[in-house]
Amino acid sequence: MARAIWTGVITFGLVSVPVGLFTATQDHTVHFHQLQRGTSDRIRNRRVNERTGKEVGPGDIVKGYEVGEGEYVVVEPEELDEIAPGRSQTLEITDFVDLDRIAPVYFGRTYYVAPRGKEYLKVYELLRTALAEAGKVGVATFVMRNRQYLTALRAEDKVLVLQTLHWADEVRDPVEELPELPEGRAGRGKELDMAMRLVDALSGPWDPARYHDSYQEKVRELVRAKAEGKEVAVAEEAPRATNVVDLMEVLQGSLEQAKGTGGKKPSAPRKKDTEGRKDTEGRKGTEGRKGTEGRKGTERRKKATAPSRKAPLKRGELRELSKAELYQRATDQDIAGRSKMSREQLIDALAGAGGGRRKKTAAA
């Protein structure tokens, strides 16, 4: 029987129910001990005084915050408990929101929530059913192990599930953080149609039992092989990046392979050896026959059909854009707070701006 890692009370309005929090997942990673090379001697980590080199017991260790070079403010565990929000062990639901409005990047760890006694089953089930019927999640905060968590409480079949959420300032903006992102969406054409057909061929119902940690299986095989003095199988070389020139050919091969496996995921296709292909000048010669003017004409047509970033779009049109494109539009329209917005929030803000409801504000 699992033991609760936290106990407290869930409250929503004037209704409250005592609950316990239980870990929903377990680690299956293969763990190794540290040994000194050439021996079977274990390596141990010890806490030692940096100045004296002597070992220090847990009871003599306190927390210190450095306020200057070599100067610390010492904080006792009881002092942290006294200032912690929710000292009464309360998980208070302050808002109810749609689950799909929370971007996946915000989710952290998952826990099961259970009532602390049969006498609380009715109130517990009332909350679970209300969340399930409304299709909402309850947003709440609570404190565990001297740390406050933002959480989403949602209903599953017969059980309430609590998922920790990252705070807004903990989530990085991909537009600002990542070195390279596409500037535009893939236009309609044979490549996109082929990619969509490949997605459709590999589509199926979600079955978590169908997936397994192949790397951990290989680690266990390695340990068994070495223990028995057997040869260790070497992994295949990783597939090379797909060349744009070969994209249609690779997509076609992937589609045929997917159809041949009955929708099961095919192994990643490997790039063909380019040394045996005809000289690339032959391709350049073909392109040259089209003429530079043809390419310029195509570029002019693309520019003519591309929508202006400042032109207002309807909500349906905004949903066709990537988050990077939405963010750029929000920047062009001086929408405040855009750097911390999710994709859906950017769509809402831009839709409001297009309708004339936005006031001019300083850029976020």
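Is Ala24 buried, partly exposed or exposed, and why? I looked it up: Ala24 counts as partly exposed because its relative accessibility is 22%. My cut-offs are under 20% relative accessible area for buried, over 50% for exposed, and partly exposed in between, with a 1.4 Å probe and protein chains only.

Before going on, a note on what I'm looking at. This is a predicted model, where local features need pLDDT of at least 70, side-chain atom pairs count only at pLDDT 80 or more, and totals for chains, interfaces and linings use all residues. Residues are numbered from 1 along each chain as its sequence is written, and side-chain values use heavy atoms, with hydrogens and water left out.

**Ala24, continued**

I placed Ala24 in the loop between strand 2 and strand 3 (63–68). Helices (H or I, at least four residues) and strands (E, at least two) are DSSP runs, numbered from the N terminus. Arg109 is 85 residues away from Ala24 in sequence, yet 8.6 Å away in space, C-alpha to C-alpha. Setting aside neighbours within four places in sequence, I found Ala24 in contact (heavy atoms within 4.5 Å) with Thr110, Tyr111 and Tyr112.

**Core**

Next I checked the largest nonpolar core, which has 20 residues. Such a core is a set of buried Ala, Val, Leu, Ile, Met, Phe, Trp, Tyr and Cys residues joined through side-chain atoms within 4.5 Å. Ile10, Leu21, Val113, Leu127, Phe142, Leu153 and Leu162 have the most contacts inside it. Among the elements giving two or more residues to this core are strand 1 (6–12), helix 2 (121–134) and strand 7 (136–143). I also noted a second, separate core of 14 residues, including Ala330, Ile335, Ile347 and Ala349.

I then listed partners of Phe142 beyond four places in sequence; they include Trp6, Leu21, Leu91, Tyr149 and Leu162.

**Helix 2**

Which residues of helix 2 are buried? They are Tyr124, Leu127, Arg128 and Leu131. Just after helix 2, Gly135 takes a positive phi of about 65°.

**Positive phi outside glycine**

Lys158 has phi near 75°, although it is not a glycine. I found Lys158 in the loop between strand 8 and strand 9, and it counts as exposed because its relative accessibility is 69%. Asp334, also not a glycine, has a positive phi of about 55°, and sits in the loop between helix 10 (323–332) and helix 11 (343–354).
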